[in-house]
Amino acid sequence: ADYAAAREDPAAELKRLEDARYLTPEEAKTISLTAFSRFFRSETMARILAADRVWREYRFFDTVPAYRAGYPGEEPILVQGVADCLFEENGAGVLLDYKTDFASPEELKARYASQLALYRKALDPLFPKGIKECILYSLSNNCPILVE
């Protein structure tokens, strides 16, 4: 999606994505225009649009001790991930992960905190001041959820 265009006219951007075949007509019909609009007009999106740099769908690899990824032992294992969005504000990074689950903010935080911790460890070196925030953005609840 073109974030600035979606903020200005969410319906037109959704139609453009379908016309350009980023979405099939069936996929486009499953997207709530209300939720799509709320996200693109949110304070979180304003921060992304004002950021010094933005990365979307950032793919990465890292190695961590097995226990950090929920497995027994100290042996290093490979972690492969895709960060939905990373952006930089004054040299510090913000890790943003979109969630479509129909769950409360508390449930989402509990469910995904360990994933964000792994991502943070791997991605922190990209920023001069490290990652300052990890945020889950709940599309179903229309809210950012700060994960410590």
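Entry 1: charges over rings. I began with K99, which lies over the face of Y112 at 3.7 Å from the ring centre. I also found R56 over the face of Y3, at 4.0 Å from the ring centre. I counted a charge as over a ring if NZ of Lys or CZ of Arg is within 6 Å of the ring centre and within 35 degrees of the ring normal.

Entry 2: ground rules. I am working on a predicted model, in which local features need pLDDT of at least 70 and side-chain atom pairs count only at pLDDT 80 or more, while totals for chains, interfaces and linings use all residues. Residues are numbered from 1 along each chain as its sequence is written, and side-chain values use heavy atoms, with hydrogens and water left out.

Entry 3: the sheet. I looked up the strand order and got an open sheet of 5 strands, β1-β2-β3-β4-β5, with mixed pairing. I took helices (H or I, at least four residues) and strands (E, at least two) as DSSP runs, numbered from the N terminus. Two strands pair if DSSP finds at least two bridges between them. β1 and β5 stand at the edges with a single partner strand each, so one side of each has no neighbour in the sheet. The twist averages 40° from one strand to the next, with axes as lines fitted to C-alpha atoms (for helices over the stretch in contact) and angles running from 0 to 180 degrees between N-to-C directions.

Entry 4: β2 and β3. I noted that strand β2 (residues 76-89) pairs with β3 in the antiparallel sense over 5 bridges. C85 stands opposite L96 in β3. The hairpin of these strands has 2 residues between them, and N90 takes a positive phi near 50°.

Entry 5: burial of β3. Is β3 enclosed or open, given how many of its residues are buried? I find 8 of the 8 residues buried, so β3 is largely enclosed by the rest of the structure. Buried means under 20% relative accessible area, exposed over 50%, and partly exposed in between (1.4 Å probe, protein chains only). Both faces of β3 are covered, with A92, V94, L96 and Y98 buried on one side and G93, L95, D97 and K99 buried on the other.

Entry 6: β4 and its partners. I count 7 of the 8 residues of β4 as buried, so this strand too is largely enclosed by the rest of the structure. β3 and β4 run parallel and are joined by 7 bridges. The chain goes from β3 through α6 to β4 in a right-handed β-α-β crossover; right-handed means that, with the strands pointing away from the viewer, the path from the first strand over the helix to the second runs clockwise. Opposite V94 I find E133 in β4, and opposite G93 I find I131 in β4. On the other pairing, β4 and strand β5 (residues 143-147) are antiparallel over 5 bridges. C143 in β5 is the bridge partner of S138. The hairpin of β4 and β5 has 4 residues between the strands, and N142 in the turn has a positive phi of about 55°.

Entry 7: aromatic pairs. I get 7 aromatic pairs, where rings of Phe, Tyr and Trp (its six-membered ring) pair if their centres lie within 6.5 Å; planes under 30 degrees apart count as stacked, over 60 as edge-to-face and the rest as tilted. F39 and Y98 form an edge-to-face pair, 5.3 Å centre to centre with 80° between the planes. F39 lies in helix α4 (residues 33-40) and Y98 in strand β3 (residues 92-99), so the pair ties together parts 59 residues apart in sequence. Both F39 and Y98 are buried. The ring centres of W55 and F127 are 5.3 Å apart and the planes stand at 85°, so this pair is edge-to-face. W55 lies in strand β1 (residues 53-65) and F127 in the loop between α6 (105-123) and β4 (131-138), so the pair ties together parts 72 residues apart in sequence. F127 counts as buried because its relative accessibility is 4%. I also recorded one aromatic cluster formed by Y3, F36, F39, F40, Y98 and Y137.

Entry 8: cysteines. How many disulfides are there? I count 0 disulfides, taking a disulfide as a pair of cysteine sulfur atoms within 2.5 Å. The sulfur of C85 has its closest cysteine sulfur in C134, 13 Å away, which is too far for a bond. C85 counts as buried because its relative accessibility is 0%, and C134 counts as buried at 3%.
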